[in-house]
Amino acid sequence: MTSDDPAAAEPTAEPTAEPAAHPAAGRPVEASRRTRPKGEPRFPDGPAPDPAGSHHERRIRSFQPRRSRVTTSQAEYLQRLWPQWGLDIDGRGKLDLDEMFGGLPVVLEIGFGMGEATAQMAAAAPDTGILAVDVHTPGMGNLLGLAERGGMTNVRVANGDAIILLREMLPPASLDGLRVYFPDPWPKKRHHKRRLIQPEFLTLAARSLKPGALVHCATDWEEYAEQMLEVLTAHPDYTNTQPDGGYAPRPASRPLTRFEGQGLNKGHVVHDLLFRRV
């Protein structure tokens, strides 16, 4: 997937100049090795490296910081479009989703990877706003670029921890849906406590979901799918849309993602779960 989490700070110290395309191999090469002085922001008008100072909060996290190179085009989109379509999850005040999305119903998507599936869903449903949360800077730049090129003004990109967003920045009953596609399965048993879909998370999310809001999860990790089904079924704030109480067929509204394709190629079975806020 995308990272399941929603949120982590990007490390510092990277070359300020973006890599140029190698004329023969097509691979990036360093244009400059000058590093940014300590404290100088990577993108002065773009996403903050750690918007809520989240590393100071003592809490088990469902994500890991990831460091990877931002391309020249991604950096350009971040610099130019972030002030208009981006927001940092800093925990400072409530968001006005009606103002942000012009009164559209809003779905929260946690973890969007490089944003291809998010952009497809936004294009297919222009009357629905998508608040897409991740911590992967290249993915943020890529999604902003996809949104601009496709004329999709119903997408906003949020940088940071989705827990802080839900807990401190989203008003009660403000969301019409929640999407969590292919979160990190944390396969080792000792790491299961880091999985995002837990009773505590569902309780927190329920506060921001309108009655009847659709919660859509998908995973290609069998054991995690079983856990998701168990905790969603047991939670009093949600009800399964499937009469048999099991998994749902993949809705046509959810595009096949790159991560899903990788899992299918490995023989994984993808499970969709569709629950509604009671």
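Which residues does Phe201 touch, not counting residues up to four places away in sequence? I looked this up and found Ile110, Ile163, Leu166, Leu178 and Leu196, where I take contact to mean heavy atoms within 4.5 Å.

Before going on, I noted that this is a predicted model, in which local features need pLDDT of at least 70 and side-chain atom pairs count only at pLDDT 80 or more, while totals for chains, interfaces and linings use all residues. Residues are numbered from 1 along each chain as its sequence is written, and side-chain values use heavy atoms, with hydrogens and water left out.

**Whole chain**

I found eight helices and ten strands in the protein chain; these are DSSP runs numbered from the N terminus, with helices being H or I of at least four residues and strands being E of at least two. Of its 278 residues, 51% count as buried, and I use buried for under 20% relative accessible area, exposed for over 50% and partly exposed for in between, with a 1.4 Å probe and protein chains only. Among contacts with a separation of 6 or more, 81% come from residues 24 or more positions apart.

**Cores**

I then returned to Phe201, which together with Leu108, Leu131 and Ile197 touches the most other members of the largest nonpolar core, a set of 40 residues. The largest share of this core, six residues, comes from H5. A nonpolar core here is a set of buried Ala, Val, Leu, Ile, Met, Phe, Trp, Tyr and Cys residues joined through side-chain atoms within 4.5 Å.

**Helix H5**

I looked next at helix H5, residues 162–169, which is largely enclosed by the rest of the structure because six of its eight residues are buried. These are Ala162, Ile163, Ile164, Leu165, Leu166 and Met169, and their cover includes strands S3 (86–88), S4 (106–110), S5 (129–134) and S7 (175–181), as well as helix H6 (199–208). At the start of H5, I found a side-chain oxygen of Asp161 within 2.9 Å of the backbone nitrogen of Ile163.

**Helix H4**

Helix H4, residues 137–149, has 13 residues and reaches 19 Å from its first C-alpha to its last, close to the 18 Å expected at 1.5 Å a residue, the expected span being 1.5 Å times one less than the number of residues. Ten of the 13 residues are buried, so H4 is largely enclosed by the rest of the structure, and its cover includes helix H1 (72–85), helix H3 (116–124), S5 and strand S6 (155–159). After H4 comes Gly151, with a positive phi near 65 degrees.

**Ala122**

In helix H3 I looked up Ala122, which is buried at a relative accessible area of 1%. Leaving aside neighbours within four places in sequence, Ala122 is in contact with Ile130, Met152, Asn154 and Val155. Ala122 and Thr153 are 31 residues apart in sequence, and I noted 8.6 Å between their C-alpha atoms.

**Positive phi in two loops**

Which residue lies in the loop between H5 and S7? I found Ala173 there, with a positive phi of about 50 degrees although it is not a glycine, and at 39% relative accessibility Ala173 counts as partly exposed. In the loop between S7 and H6 I found Trp186, whose phi is also positive, near 40 degrees; Trp186 is buried, with a relative accessible area of 6%.

Key
A polar contact is a pair of N or O atoms within 3.5 Å; within protein, one must be able to donate a hydrogen and the other to accept it, and residues adjacent in sequence count only if both atoms are side-chain atoms.
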